[in-house]
Amino acid sequence: MRRSLFEDTHEDFRESFRRFLAGEVVPHYDGWERAGLVPREVFSEAGRHGFLAMAVPERHGGAGVNDFRFNLIIGEETQRAAVGGFGLGITLHNDICLPYFLSLADEQQAARWLPGIASGELITAVAMTEPGIGSDLAGMSTRAQRDGDDYVVNGSKTFITNGINSDLVITAVKTDPSARHRGISLLVIERGMAGFERGRNLEKIGQHAQDTAELSFTDVRVPRGNRLGAEGAGFGHLVSNLGQERLSIAASAVAAAEAALDWTLAYVRERQAFGQPIGSFQHSRFTLAELRTEVDIARVFIDRCVQALATEELTPEDAAKAKWWSTDLQGRVCDACVQLHGGYGYMSEYPIARAWADARVTRIYGGTNEIMKEIIGRSLGL
Ligand SMILES: Cc1cc2nc3c(=O)[nH]c(=O)nc-3n(C[C@H](O)[C@H](O)[C@H](O)COP(=O)(O)OP(=O)(O)OC[C@H]3O[C@@H](n4cnc5c(N)ncnc54)[C@H](O)[C@@H]3O)c2cc1C
């Protein structure tokens, strides 16, 4: 079914991002997977080509184009090119962290940070999860105590995407430990602040090129001027940004499922068993027909959510539906596609094997799929 979401300018952008991936990312990707990290220079290179933080206003060095369809193309093309571990870092920067700066930074903060965010010299991360809490965010314990014009931060975060590479970490802290949701504030903790340490680059079962790290804060003095938004308003800010975060994850999940199907269709046409292509067995045909149908239907819903986001009509429930449905589908598609590849599907040199391992986490991060169903269930009055 022809997609009606994009205009010529988006397709030009897609072409140019594809060229960027083919030239600057794909040839080096295996090395990054082994290193567990994308080199920082790749972010600067992406920035130089106009693929970072496109919504940053021109006066702060950006393109001034606030159109999520460009972000969507980046997520889709990284999946298609089988470089999802690179895609996660860049989509986190563009889709998830940037909106906090755009909506909450005052003029002075915007002038300090936005140019570097657009150029890729300042890589961003958002740190909510702690060793003791994930889903129950209001229970976090990282503490920020006022001391004159500073906050003094103590605590730790874990599973932080871009955790090693990041320069600016939007950190959720408790400024009032006696309150739950209303005790949370957001501080930007910067590379080099005394007492801010990075722990291990965590070893994961997938997304190997993506750095995911523990962060620790010991008496880190963070100036009040690094607070994003009002004190105590952090939880509300997190919630209002989650719709776009979840849509970003959902869109990449559908793109990953589409890519997995494409690779598998090519494989089952070639591979022979019992004197015929394995794709010609009825079981293979039916499996692929069912998955193709589900992916096409998911794509329509995601595209509709992208339109709703543009008109500020995307509800938290619809974003939650998009996230859980698409990531569940991604998992099922990748698993079936590994099966259709036989033993080759289990070999890391095949994109489908990596896509399968990369897919597992999408049902966990960005709010687990169980939490998504809680959100939807509550909206049903249950
Ligand atoms: C690779 C990776 C990257 C990540 N990146 C980031 C990042 O950049 N920043 C960040 O802050 N976090 C990040 N996370 C953390 C991620 O968001 C959390 O892991 C996730 O929110 C779940 O929290 P948890 O791991 O503490 O699990 P828990 O909250 O302990 O949940 C464990 C299980 O219990 C279930 N559960 C919990 N509460 C309920 C409930 N009310 N009803 C039903 N079931 C429930 C969950 O669904 C899950 O199945 C990342 C995680 C990974 C693995």
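## The largest cavity

The lining of the largest cavity consists, by class, of 14 nonpolar, 10 polar and 2 charged residues (Ala, Val, Leu, Ile, Met, Phe, Trp, Tyr, Cys and Pro count as nonpolar, Asp, Glu, Lys and Arg as charged, and the others, Gly among them, as polar). A cavity is a set of points, on a 1 Å grid over the protein atoms alone, where a 1.4 Å probe fits but cannot get out, and lining residues have an atom within 4 Å of a point. This is a predicted model, in which local features need pLDDT of at least 70 and side-chain atom pairs count only at pLDDT 80 or more, while totals for chains, interfaces and linings use all residues. Residues are numbered from 1 along each chain as its sequence is written, and side-chain values use heavy atoms, with hydrogens and water left out.

Of the 26 lining residues, Gln79, Gly84, Gln207, Ala256 and Gln330 lie nearest the centre of the largest cavity, and the largest share of its lining, 7 residues, comes from α7 (helices are DSSP runs of H or I with at least four residues, numbered from the N terminus).

## Packing of α5 and α6

Helix α5 (residues 84-104) packs on helix α6 (residues 107-119) at an angle of about 160 degrees, with angles running from 0 to 180 degrees between N-to-C directions; the two are therefore roughly antiparallel (angles over 145 degrees). In their contact (heavy atoms within 4.5 Å), His93, Leu98, Phe101, Leu102 and Leu104 of α5 meet Gln109, Trp113, Leu114 and Ile117 of α6, a set that divides into 7 nonpolar, 2 polar and no charged residues.

Methods
Angles under 35 degrees count as roughly parallel, over 145 as roughly antiparallel, 65 to 115 as roughly perpendicular and the rest as oblique. On a 1 Å grid over the protein atoms alone, a cavity is a set of points where a 1.4 Å probe fits but cannot get out, and a pocket is an open set with protein on both sides within 12 Å along at least five of seven lines; lining residues have an atom within 4 Å of a point.
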